[in-house]
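The sequence and structure come first, and the description follows.

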Amino acid sequence: MKGSVFSLLLIIVFALWAYMRGAAYEESVLSSLPSIVIPVSHSEETISGHHVAETHPVAGTTDTDHMEAAHHDEAPEHGEAAGHHQDVHTDVTIYDEGLVEESQFGLLPQKDVTNGNTPFRQYKRNFILPAGQHKFRLVLGPLGFSEEFATKIAHGLPQDVTILISPYSDHADALMRLFKESGHEVWLQLPAETHDEYTMDAGSLALRASYARNKNLSLYKRVMGRTTGYVGLFINHADNSTLSFSSARMEELQTDIYQRGLGLAYFADKAMTDIEKISTEHNGQTRLVSYQFDTIFPMAKESWMKLMSDGRDISMLYKPYPNDISMLSEWLQTLPEQGYTLTPLSAK
């Protein structure tokens, strides 16, 4: 029994000694190893992106758009690019909060009941026609192409060129922002079905004669909700439409346009009695566009020169090609010597 106790004590003493020696040996080994320092830093890109994502963008925009804008503001300016940047109205707001209402279709335009302001009055370009000059209204569109082409138009053409945006564009908000910041007046296309086979398929947002009143009104609001900040709506081929603008349902729709404070422009060979009558009854703003061209600029220019030889005001819709912009820009500078002044569509 005494031997067992002695053996147990001996084992405990040996274990303690081994433990102490082992700890000392581990410390000796660790102290002899080389040190490795791994620096830790925050990614500036991640921090910047998070900051932009938490800002409050204009309705209808995306965080990506604001991230690109922030990156653009930080980029150094030099050479020709700096000159273009100075022409951009970076302090221009895309829309006035008092001129929109929230709806299931998005932000819809409306009058400001507090001061009587309207989208037409707020977003149109201010313009005074020089004495002795004729108006040359040039509407480009409907636009829905690449951002690169749109940028070329925005910065390559005078601000009094009017822009027509297609509601079918996947980037309607981006186009609106681009053209508003570059100082252009912007209208939004309201598609409508036509009799002509070439133009009758105006797409899924088109107003149609076979649709009930509520469906056409719903489509009309869906179009308006595609973006915001436009002067008014534009109906192409109005004189060839299957719609009767004097019908009760179309009168209701036109009345709503004027009650919201929007303008209504339309393409037709001559002024349409039904449209003008309803506009007059509601103190609305209508604009007639009588000519339309979609050929390359050299061919279109020949037709324009013939029209100008009559010495009358001209309003036209033109869908340009990418290579036309520089030639068009140069030619527009010659208008005053021909007795014409480039005029926004909204101008009386």
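## Overall make-up

The protein has twelve helices and eleven strands, where helices (H or I, at least four residues) and strands (E, at least two) are DSSP runs, numbered from the N terminus. This is a predicted model: local features need pLDDT of at least 70, side-chain atom pairs count only at pLDDT 80 or more, and totals for chains, interfaces and linings use all residues. Residues are numbered from 1 along each chain as its sequence is written, and side-chain values use heavy atoms, with hydrogens and water left out.

Of the 348 residues, 42% count as buried; buried means under 20% relative accessible area, exposed over 50%, and partly exposed in between (1.4 Å probe, protein chains only). The protein exposes about 19900 Å², of which carbon and sulfur atoms supply 54%. Accessible areas come from the Shrake-Rupley method with a 1.4 Å probe, and for residues only the protein chains shown count as cover. Among contacts (heavy atoms within 4.5 Å) between residues at least 6 apart in sequence, 70% join residues at least 24 apart.

E4 runs parallel to strand E3 (residues 134–143), to which three bridges join it; two strands pair if DSSP finds at least two bridges between them. Valine 139 is placed opposite threonine 162 of E4. From E3 the chain passes through helix H6 (residues 147–156) to E4, in a right-handed β-α-β crossover. A crossover is right-handed if, with the strands pointing away from the viewer, the path from the first strand over the helix to the second runs clockwise.

E4 also pairs in the parallel sense with strand E5 (residues 186–189), over three bridges. Here isoleucine 163 has valine 186 in E5 as its bridge partner.

In strand E7 (residues 263–267), five of five residues are buried. Gly263, Ala265 and Phe267 cover one side, and Leu264 and Tyr266 the other.

Strand E6 (residues 232–235) is parallel to E7 and joined to it by four bridges, with tyrosine 266 in E7 as the bridge partner of isoleucine 235. E6, helix H9 (residues 248–259) and E7 form a right-handed β-α-β unit. Five bridges join E7 to strand E8 (residues 285–289), again in parallel, and arginine 287 in E8 is the bridge partner of alanine 265. E7, helix H10 (residues 273–281) and E8 form a right-handed β-α-β unit.

## Salt bridges

Side chains of opposite charge can pair when their charged atoms come close. A salt bridge is a side-chain nitrogen of Lys or Arg within 4 Å of a carboxyl oxygen of Asp or Glu. The whole structure holds eight salt bridges, including those in the table.

| Pair | N to O distance |
|---|---|
| Lysine 135 and aspartate 313 | 3.5 Å |
| Arginine 208 and glutamate 193 | 3.5 Å |
| Glutamate 281 and lysine 277 | 2.7 Å |

Arginine 208 and glutamate 193 both lie in the loop between E5 and H8, so their pair ties together parts that are 15 residues apart in sequence. Both arginine 208 and glutamate 193 are buried.

The side chains of lysine 135 and aspartate 313 meet in a salt bridge. This pair links distant parts of the chain, 178 residues apart: lysine 135 is in strand E3, and aspartate 313 is in the loop between H11 and strand E10 (314–318). Lysine 135 counts as buried at 12% relative accessibility, whereas aspartate 313 is partly exposed at 40%.

Glutamate 281 and lysine 277 are both in helix H10, four residues apart, about one turn of the helix. Glutamate 281 is partly exposed at 46% relative accessibility, and lysine 277 is partly exposed at 48%. Elsewhere, Glu101, Asp256 and Arg260 are linked in a network of salt bridges.

## Tyrosine 211

Tyrosine 211 sits in the loop between E5 and helix H8 (213–224). Apart from neighbours within four places in sequence, tyrosine 211 is in contact with Ala206, Asn216, Leu219 and Arg249.
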